[in-house]
Number of protein chains: 4
Amino acid sequence: MRRHIVTVVGAGRSATEADTKMARILGGLIAQHGWVLLSGGTALGIMDAVNQGASEAGGLTIGIIAQADDSKMSKYVDLPIFTGMLSGRNIINALSGEVMIACGVAPGTLSEIALALRADKDVVFISKESDDKAFIKKVGGEKVHLVDGPEEAVSLVEKLLETEQ
Amino acid sequence: MRRHIVTVVGAGRSATEADTKMARILGGLIAQHGWVLLSGGTALGIMDAVNQGASEAGGLTIGIIAQADDSKMSKYVDLPIFTGMLSGRNIINALSGEVMIACGVAPGTLSEIALALRADKDVVFISKESDDKAFIKKVGGEKVHLVDGPEEAVSLVEKLLETEQ
Amino acid sequence: MRRHIVTVVGAGRSATEADTKMARILGGLIAQHGWVLLSGGTALGIMDAVNQGASEAGGLTIGIIAQADDSKMSKYVDLPIFTGMLSGRNIINALSGEVMIACGVAPGTLSEIALALRADKDVVFISKESDDKAFIKKVGGEKVHLVDGPEEAVSLVEKLLETEQ
Amino acid sequence: MRRHIVTVVGAGRSATEADTKMARILGGLIAQHGWVLLSGGTALGIMDAVNQGASEAGGLTIGIIAQADDSKMSKYVDLPIFTGMLSGRNIINALSGEVMIACGVAPGTLSEIALALRADKDVVFISKESDDKAFIKKVGGEKVHLVDGPEEAVSLVEKLLETEQ
């Protein structure tokens with residue numbers, strides 16, 4: 001009855017077209033595995049794209065919304081959780097996924113990675129930047145898993161969810 | 001795609017057997033209407049019972065968990081959102097339901113009713129105590145809807161959700 | 001070195017002139033006793049007035065600000081704590097005072113009273129409405145202390161702070 | 001009347017003796033400049049040491065406490081603000097200082113740096129690790145100021161506070 005929840009974090013306004021294309025693929029893969037997608041739920045960048053990908057593949061999506069209403073929310077969020085806490089809601093993103101998949105190191109995203117590591121959560125880090133990878137690995141040690149793209153990320157999450165049980 | 005979410009709040013430890021029986025019926029009715037149940041998700045009293053009722057009727061249940069883990073969580077929660085904020089999470093319960101159904105005036109419950117009214121949300125208040133009803137009505141005015149039991153509560157929620165659209 | 005902190009909660013926009021006059025007196029008395037005033041810190045109603053009273057009497061004032069900046073803040077707040085959590089910050093008001101003095105039952109204020117009682121804090125309730133007094137007393141039992149005005153409130157706080165030590 | 005507040009963040013349990021010695025000096029310098037110190041207020045590592053340094057130099061100290069009570073609190077905190085939000089309180093540390101001084105990149109500290117940058121705050125980063133410095137600078141751009149020790153940090157804060165006015 002309890003469903004697997006996977007958190008995805010990544011840039012809003014600063015996401016590139018390549019980022020959002022990757023995020024749509026990632027969302028689709030999460031849905032195909034039967035996992036529930038949890039994200040910040042904003043109608044921007046990686047957050048919007050990963051929700052679109054999951055939604056179009058028939059998945060269930062939860063948005064932990066920074067505002068108290070849906071004015072900035074992705075239309076691909078099925079279950080909005082309104083916090084009104086701005087970036088204060090990042091801790092909830094970090095705690096609520098069994099695993100976090102993180103795309104890049106924009107400040108908001110970096111705060112979510114760090115909060116997840118603080119709470120001893122596994123973080124699967126997708127990046128093509130080798131210095132970013134080295135830094136996140138240094139901070140998080142064995143809880144950080146470095147990958148190059150969405151397919152590799154999702155098969156790692158699959159293993160991590162099996163190990164937990 | 002976006003689902004209707006109804007928040008239910010009520011006493012944990014201080015709930016009576018009559019309270020929990022009523023809450024199981026309420027949860028069942030919410031599920032039968034196809035609404036998603038959102039609650040504090042604790043394995044106690046009204047929270048546990050309303051989740052059980054919804055779950056056994058095939059509904060989907062979200063728990064906004066006061067702890068950072070599932071140690072005190074109802075086993076009838078499908079989608080746990082971990083906050084680690086103790087009663088700080090009550091604001092999220094208040095903001096995230098389109099309508100709140102409140103059972104009684106234990107301190108935690110009263111805080112959720114008051115936060116919902118502060119955010120201009122409709123509150124359907126189930127109680128047999130006439131002085132409690134009079135007080136909540138005085139505080140919340142036309143946003144407070146007084147009812148005697150779960151059936152009446154649910155048909156009121158039905159009307160409120162129709163009006164919103 | 002650690003200072004006594006007293007939380008004051010009360011209506012913003014809906015406060016009457018009599019309320020704000022009373023709150024200025026209350027703030028002055030808190031400062032004269034050497035206690036630090038903690039409030040929501042908004043530039044409205046009882047919050048603004050109690051900070052003015054404390055500040056003009058030479059006291060130290062802390063504001064737990066609902067916004068992430070000082071755009072709606074009382075100019076009588078010495079130490080602003082920015083939360084960006086809207087009413088989510090009410091839990092901090094409830095937890096951070098050794099005692100809470102509450103004026104009236106506007107929804108925001110009522111949520112703070114209820115959160116304080118939930119956390120087993122003493123609440124000194126100033127009101128002239130006998131039904132409000134009866135209700136708050138019923139909810140909070142021996143943790144609720146009913147008084148008619150600021151002088152009586154402050155001498156009760158004095159006793160409560162002595163008892164704690 | 002409104003006081004300058006400077007946030008200091010840094011490791012708890014993982015702080016070295018050199019870190020805590022540096023933090024005591026930093027706290028002393030903050031107090032000597034007449035600024036109020038704001039920190040997470042835990043009785044560990046850099047947090048405890050910076051409060052000790054400020055307190056022994058006659059400064060005023062605010063602790064944004066992760067717990068709902070003082071069980072893990074530094075005895076050098078004058079004004080405890082209890083949140084009960086665990087790492088959820090990190091956003092308050094980030095928002096409430098006019099400037100943040102950050103020591104190192106332990107996960108909790110890194111989340112506070114990232115949240116401050118997300119809120120467009122200046123961060124003065126004290127570190128001897130050149131790759132950490134390069135990474136934080138890359139994430140935060142012109143809002144990040146790299147320094148080698150407490151004296152340099154404090155003279156930078158002095159300039160930043162002057163510029164703001």
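**Axes, interfaces and a helix**

Guide: Among the residues of chain B, Ile81(B) comes closest to the rotation axis, with its C-alpha at 4.5 Å. This is a predicted model, in which local features need pLDDT of at least 70, side-chain atom pairs count only at pLDDT 80 or more, and totals for chains, interfaces and linings use all residues. Residues are numbered from 1 along each chain as its sequence is written, chains are lettered from A and ligands numbered from 1 in the order in which they are written, and side-chain values use heavy atoms, with hydrogens and water left out.

Visitor: By what turn can chain B be laid on chain A?

Guide: Copies are superposed by least squares on the C-alpha atoms of residues with pLDDT of at least 70 in both. Chain B falls on chain A with an RMSD of 0.0 Å and a shift of 0.0 Å along the axis, for a turn of 180 degrees. The relation is therefore that of a two-fold axis.

Visitor: Which residue of chain B comes closest to the axis that superposes chain B on chain D?

Guide: That superposition is a rotation of 180 degrees with 0.0 Å of shift along its axis, at RMSD 0.0 Å. The same surface serves both copies, since 100% of the contact residues of chain B recur in chain D (contact means heavy atoms within 4.5 Å). At 2.0 Å (C-alpha), the residue of chain B closest to the axis is Met85(B).

Visitor: Which three residues supply 81% of the area that chain B buries against chain D?

Guide: Here 4 residues of chain B are in contact with 4 residues of chain D, and the count of salt bridges is 0 (a side-chain nitrogen of Lys or Arg within 4 Å of a carboxyl oxygen of Asp or Glu). The buried area, that is, the accessible area (1.4 Å probe) that two parts lose on being put together, summed over both, is about 330 Å², with 70% from carbon and sulfur atoms. The 81% share, more than any other three residues supply, comes from Gly84(B), Met85(B) and Leu86(B).

Visitor: What is the centre-to-centre distance between Phe135(A) and Phe135(D)?

Guide: Rings of Phe, Tyr and Trp (its six-membered ring) pair if their centres lie within 6.5 Å; planes under 30 degrees apart count as stacked, over 60 as edge-to-face and the rest as tilted. A search of the whole structure finds 2 aromatic pairs over all chains. Phe135(A) and Phe135(D) are stacked, with 10 degrees between the planes and a centre-to-centre distance of 3.8 Å.

Visitor: Which residues of chain A are in contact with Asp132(D)?

Guide: Asp132(D) is placed in helix H5 of chain D and counts as buried, at 4% relative accessibility. Leaving aside neighbours within four places in sequence, Asp132(D) is in contact with Val105(D), Phe125(D) and Ser127(D), and in chain A with Phe135(A) and Lys138(A).

Technical notes. Helix = DSSP H or I, 4+ residues; strand = E, 2+ residues; numbered from the N terminus. Buried < 20%, exposed > 50% of the residue type's maximum accessible area, 1.4 Å probe, protein only.
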